[in-house]
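Trainee: Could you give me a close look at one part of this model, the pocket, and then connect it to what lies around it in the chain? I would rather follow one careful account than a list.

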Amino acid sequence: QVQLVESGGGLVQPGGSLRLSCAASGTASGSIFKINAMGWYRQVPWKERELVATITSGGSTNYAAIVKGRFTISMDNAKNTTYLQMNNLKPEDTAVYYCNAVQLFPYTQVYWGQGTQVTVSS
């Protein structure tokens, strides 16, 4: 089985920064796996889970408009790890952040992390 392990969440003041990380580990059907893309989503009570940022193994990125210019996503292909650098955090960024990964080899699969809480408050 493949698992996504997230870290880096916490409490930060407005204008502060956090860096989230998410690493995919394990095996798929006893075999090695290849992650084609990873991303970050977030969710608050009474709202649907929303896209924050995604990145492909080739380096193509996509950001939600509300975080563009403040957040930066990166990926270490060798480690199957994605990072989300969050700068100039705002109270409205408060949410549970979920990492996901898209696997194409040895078969197509989407994985989700357990979520990590980010709270922006003074």
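**The pocket and the strands**

Mentor: The largest pocket has a volume of about 200 Å³, where the volume is the space filled by probe spheres set on grid points that are joined across faces, edges and corners. A pocket here is an open set of points on a 1 Å grid over the protein atoms alone, where a 1.4 Å probe fits and protein lies on both sides within 12 Å along at least five of seven lines; lining residues have an atom within 4 Å of a point. This is a predicted model, in which local features need pLDDT of at least 70 and side-chain atom pairs count only at pLDDT 80 or more, while totals for chains, interfaces and linings use all residues. Residues are numbered from 1 along each chain as its sequence is written, and side-chain values use heavy atoms, with hydrogens and water left out.

Of the 13 lining residues, Arg42, Lys47, Glu50, Ile66 and Glu92 are the closest to the pocket's centre. The lining divides into eight charged, two polar and three nonpolar residues, with Asp, Glu, Lys and Arg counted as charged, Ala, Val, Leu, Ile, Met, Phe, Trp, Tyr, Cys and Pro as nonpolar, and the others, Gly among them, as polar.

Next, consider the loop between S4 and S5, where Trp46 is found; strands are DSSP runs of E with at least two residues, numbered from the N terminus. Trp46 has a positive phi of about 70 degrees although it is not a glycine, and it counts as exposed because its relative accessibility is 90% (exposed means over 50% relative accessible area, buried under 20%, and partly exposed in between, with a 1.4 Å probe and protein chains only). Most residues other than glycine have a negative phi. Leu51, in strand S5, is partly exposed because its relative accessibility is 28%. Leaving aside residues up to four places away in sequence, Leu51 touches Trp40, Tyr41, Asn62 and Ala64, a contact being heavy atoms within 4.5 Å.

Trp40 also belongs to the largest nonpolar core, where, of 31 residues, Trp40, Leu84, Met86 and Tyr97 touch the most other members. Such a core is a set of buried Ala, Val, Leu, Ile, Met, Phe, Trp, Tyr and Cys residues joined through side-chain atoms within 4.5 Å. Among the strands that each supply at least two residues of this core are S4 (34–43), S5 (50–56), S7 (71–76), S8 (81–86) and S9 (95–105).

S4 pairs with S9 in the antiparallel sense over nine bridges (two strands pair if DSSP finds at least two bridges between them), and Ala37 has Val102 in S9 as its bridge partner. S7 and S8 are also antiparallel, with six bridges, and Ser74 stands opposite Tyr83 in S8.

Finally, in the loop between S8 and S9 sits Asn88, which has a positive phi near 50 degrees and is partly exposed because its relative accessible area is 42%. The loop between S9 and S10 holds Pro106, and a cis peptide bond with omega of about 5 degrees joins Phe105 to Pro106.

Notes
Helices (H or I, at least four residues) and strands (E, at least two) are DSSP runs, numbered from the N terminus.
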